[in-house]
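Please look over the structure below before reading the notes. The points that follow go from one residue to the whole chain and then back to single sites.

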Amino acid sequence: MTIEHDDTTIERIALGLIDRSLPKPEWTHAAHFAAALWLLRHRPALTAPGAIREVISGYNAATGTPNTDEGGYHHTITLASMRAASAWLHTHPATISLSEILAHLLASPFGKPDWLLAYWSRSLLFTPEARHGWIEPDLASLPF
């Protein structure tokens, strides 16, 4: 089932992430990109590596998801996803709605939850080192 995200929904997702009120079941792959796009356009200071780590780690803690070596916040996935969202955002004019940009992104290969496995081996991507810090891809360079 495809869920449509209008700009109001995208803003609600992003603000819910920031203030930790987004219901956990709504924190989907699409919602990650929705929040990333909104933050990049409206609160770019929160997209810096340290800031986005704090936002997502805090949200995880507030929704009962421990940030550990095995689960919760994942720095490499977050930064790669932020780079993908930024690339999509910057290839569209500022007059294009975030909902349209999100729809295009989700219709691309990046819209698949396992898109990162084209660039990282599972054995590297899911290490504690990749979870806690940035690890370069081992299979292919990111295209952005």
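Is Ser97 buried, partly exposed or exposed? Ser97 counts as partly exposed, because its relative accessibility is 23% (buried means under 20% relative accessible area, exposed over 50%, and partly exposed in between, with a 1.4 Å probe and protein chains only).

1. Basis of the notes. This is a predicted model, in which local features need pLDDT of at least 70 and side-chain atom pairs count only at pLDDT 80 or more, while totals for chains, interfaces and linings use all residues. Residues are numbered from 1 along each chain as its sequence is written, and side-chain values use heavy atoms, with hydrogens and water left out.

2. Surroundings of Ser97. Ser97 sits in the loop between helix 4 and helix 5. Apart from residues up to four places away in sequence, Ser97 touches Asp7 and Arg41 (contact means heavy atoms within 4.5 Å). Ser97 and Asp6 are 91 residues apart along the chain, and their C-alpha atoms are separated by 8.6 Å.

3. Secondary structure. The protein has 7 helices and 0 strands, and the order from the N terminus is α-α-α-α-α-α-α. Helices (H or I, at least four residues) and strands (E, at least two) are DSSP runs, numbered from the N terminus.

4. Overall dimensions. For 144 residues, a compact globule would have a radius of gyration near 15 Å, and the 14 Å of the protein agrees with this. The radius is taken over C-alpha atoms, and the globule rule is 2.2 Å times the number of residues to the power 0.38. Along the principal axes, the C-alpha atoms fill a box of roughly 40 × 35 × 35 Å.

5. Of the 144 residues, 44% count as buried. The protein exposes about 7500 Å², and carbon and sulfur atoms supply 58% of that area (Shrake-Rupley method, 1.4 Å probe; for residues, only the protein chains shown count as cover). Among contacts with a separation of 6 or more, 62% come from residues 24 or more positions apart.

6. Charges. There are 10 positive and 14 negative side chains, and the centres of the two sets lie 2 Å apart. Lys and Arg count as positive and Asp and Glu as negative, whereas His and the chain ends are not counted. The place of a charge is NZ of Lys, CZ of Arg, CG of Asp or CD of Glu.

7. Aromatic pairs. Rings of Phe, Tyr and Trp (its six-membered ring) pair if their centres lie within 6.5 Å; planes under 30 degrees apart count as stacked, over 60 as edge-to-face and the rest as tilted. The count by this rule is 5 aromatic pairs. In one of them, Phe110 and Phe144 have ring centres 5.5 Å apart and planes at 55°, so this pair is tilted. Phe110 lies in the loop between helix 5 (98–107) and helix 6 (122–125), and Phe144 in the segment after helix 7 (128–132), so the pair ties together parts that are 34 residues apart in sequence. Phe110 is buried at 12% relative accessible area, whereas Phe144 is partly exposed at 33%.

8. Trp115 and Tyr119 make an edge-to-face pair, at 6.0 Å centre to centre with 70° between the planes. Trp115 is buried at 5% relative accessibility, and Tyr119 is buried at 14%. Phe110, Trp115, Tyr119 and Phe144 form one aromatic cluster. Trp115 is also in contact with Ser81, which lies in helix 4 (residues 75–90). Ser81 counts as buried at 15% relative accessibility, and Phe33 is another of its contacts.

9. Trp120. How accessible is Trp120? Trp120 has 0% relative accessibility and therefore counts as buried. Trp120 is found in the loop between helix 5 and helix 6. Leaving out residues up to four places away in sequence, Trp120 touches residues including Thr76, Ala80, Trp134, Pro137 and Leu142. Trp120 and Leu89 are 31 residues apart in sequence and 23 Å apart in space, C-alpha to C-alpha.

10. Arg20. Most residues other than glycine have a negative phi. Arg20 is not a glycine, yet has a positive phi of about 70°. Arg20 lies in the loop between helix 1 (7–18) and helix 2 (29–42) and is partly exposed at 43% relative accessibility.
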